[in-house]
Amino acid sequence: MTTGNGTQPGAATAPAAPVIVVGAGPVGLLLAGELRLGGARVVVVDDRPGPTTESRASTLHARTMEILDSRGLLAELGLPASEPRGHYGGLPLDLTLPGSHPGQWKVSQTRTEELLQRWARALGADVRRGLRVRALAQDATGVSVEAEAADGSVVRLRGCLLVGCDGEQSTVRRLVGAGLAGRAAGREMLRADVRGVRIENRRFQRLPGGLAVAATREGVTRVMVHEFGSTVRPRPGPPGFEEVAAVWKRVTGDDISGGTPLWLNSFGDANRQLTRYRHGRVLFAGDAAHQQMPVGGQALNLGLQDAFNLGWKLALEAGGRAPEGLLDSYHRERHATGRRVLANIRAQSDLLLGGPEAEPLRALCGELLALAPVREHLAAAIAGLDIRYADGAGGTPLPPLLGRRLPPSVLDTGAGEVWTPALLRSGRGLFLDLAPGATTANATTAAAVVAGWTDRVVLARGRPRTGGALSSATALLVRPDGHVAWVGGRTAADRWAGAHDALRRWFGPAARRRASAAQGQEISAAIGTRIDMGIDSPLT
């Protein structure tokens, strides 16, 4: 197989053209950083002059916090406010689950974008703002883009691949002619951030006329309101404050018209998804690929996890080293995940925005949420901890860890402890030798197995704590996105069975010149050093 830049798998030459990312929101910036970690050149274009200054998404769920930890970004983020209580369609739901970051974490989108932009640029991403894409064309060797700058001048770019991360109203989607399938918005919630009002906090309060939410933080009150029976109102832009204040008064009886609006917005209950996330050399991630009501903070997290799945695959493809079908696995894995999340959100939006007719169903759901297995199942779905990328084979039971994310764990290396997310910070795959009784023979064997892939896979060794999620495993191959791609056998005879097949499947052929066993023992810099066990590596 040859890639878009004409290089052969395993070639060490740099890509002739960059990957172009359209959209410098959190999804596009995380993708840019992942591409740079994988060695690909990347140009990000966005029509905004800088990161958003609007409130927008402010919730990061457990899996997203693990992702940021695996790239070393939590230390800079600091200790955001966390809340174990979430909701399911407005019904209280405890999101606490085993893991390093239970619950939900409150981080403004402005802060998330600033953090990811600094990280991506520090890695060498070329982020260009004030450019509005107006045309694109793809051919057998790449993608050409025409963008308009703020001064009216035209900028032309050429890339090997392009990813649309440009949101619900995606220009890339329109130019490619990629259509969304599903339910268009029929109902909506109005939302505003207002200063100078004093009203009671309301948490998904259902009143005779509608649904009301209000919360005040640092002198600013966010109100959200839906009037039962109302439908989406066509507008050229966001709603006016007069409209929000009028609906709020009709539903709650409170007058907020004397406040100062800082931000106004509305969102509907659209529930639509692209049929295909890949169209030739153009791919989609985030809200450009799926449109959903931002209930429970799931929309942003779903998009960030799209980017995390795609970045390393796209980097291998751009560098001419991707195995056959790797890039297509992005659609297969993330479209299925997106479909499940959208179904979950659609059920929640019906519970949330439904009028009196929804009350019997809400009562039943309230009873079910009181059952521990139901609560845990829905909490894991919202937190992104239930995702599994694995295909069953003829009904054969899969190893418990296969396809799931590597559980954040502490390993004893014999020279200190290491936090497993720290082993993923290079952006490469991880071959993890977990066998008891560290011996030279064991270590050499593990090094020999992975020797042909040490340019793409880090080898590490350690023993997990007794009783932990990894205590029964002997060896694992972990993809750069933290999902387990192979599980070692339980006996000495089959311990490495299938390891080479898994390495080839996910990372391409072994290097033409095999490294020696000593060279193959490339250990993460985190091993042998005691990792700081603060917010960057929690043990709870």
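## A helix across a sheet

Helix α8 lies across strands β13, β19 and β22, running at about 170° to β19. Axes here are lines fitted to C-alpha atoms, for helices over the stretch in contact, and angles run from 0 to 180 degrees between N-to-C directions. Contact means heavy atoms within 4.5 Å. Helices (H or I, at least four residues) and strands (E, at least two) are DSSP runs, numbered from the N terminus.

The model is predicted: local features need pLDDT of at least 70, side-chain atom pairs count only at pLDDT 80 or more, and totals for chains, interfaces and linings use all residues. Residues are numbered from 1 along each chain as its sequence is written, and side-chain values use heavy atoms, with hydrogens and water left out.

## The sheet itself

Three strands make up this open sheet, in the order β13-β19-β22, with antiparallel pairing. Two strands pair if DSSP finds at least two bridges between them. The edges are β13 (180-183) and β22 (290-291). Each has a single partner strand, so one side of each is left without a neighbour in the sheet.

Strands β13 and β19 run antiparallel and are joined by four bridges. Gly182 stands opposite Arg272 in β19.

## Aromatic pairs

The whole structure holds five aromatic pairs. Rings of Phe, Tyr and Trp (its six-membered ring) pair if their centres lie within 6.5 Å; planes under 30 degrees apart count as stacked, over 60 as edge-to-face and the rest as tilted. Buried means under 20% relative accessible area, exposed over 50%, partly exposed in between (1.4 Å probe, protein chains only).

Ring pairs also link Trp312, Trp506 and Phe507 into a cluster. Over the ring of Trp506 sits the charged end of Arg479, 4.6 Å from the ring centre. A charge counts as over a ring if NZ of Lys or CZ of Arg is within 6 Å of the ring centre and within 35 degrees of the ring normal.

## Nonpolar cores

The largest nonpolar core has 66 residues. Such a core is a set of buried Ala, Val, Leu, Ile, Met, Phe, Trp, Tyr and Cys residues joined through side-chain atoms within 4.5 Å. Leu35, Leu162, Val163 and Leu314 touch the most other members. Helix α7 (residues 298-318) gives the most to this core, with eight residues. Another core, of 22 residues, lies apart from it; Ala322, Phe431, Ala447 and Leu503 are among its members.

Leu35 touches Val19, Val21, Ala40, Val42, Gly311, Leu314 and Ala315, not counting residues up to four places away in sequence.

Most residues other than glycine have a negative phi. Phe204 is not a glycine, yet its phi is positive, about 50°. Phe204 belongs to strand β15 (residues 202-207) and is buried, with a relative accessible area of 15%.

Glu218, also not a glycine, has a positive phi of about 50°. Glu218 sits in the loop between β16 (210-217) and β17 (220-227). Glu218 is exposed, at 82% relative accessible area.
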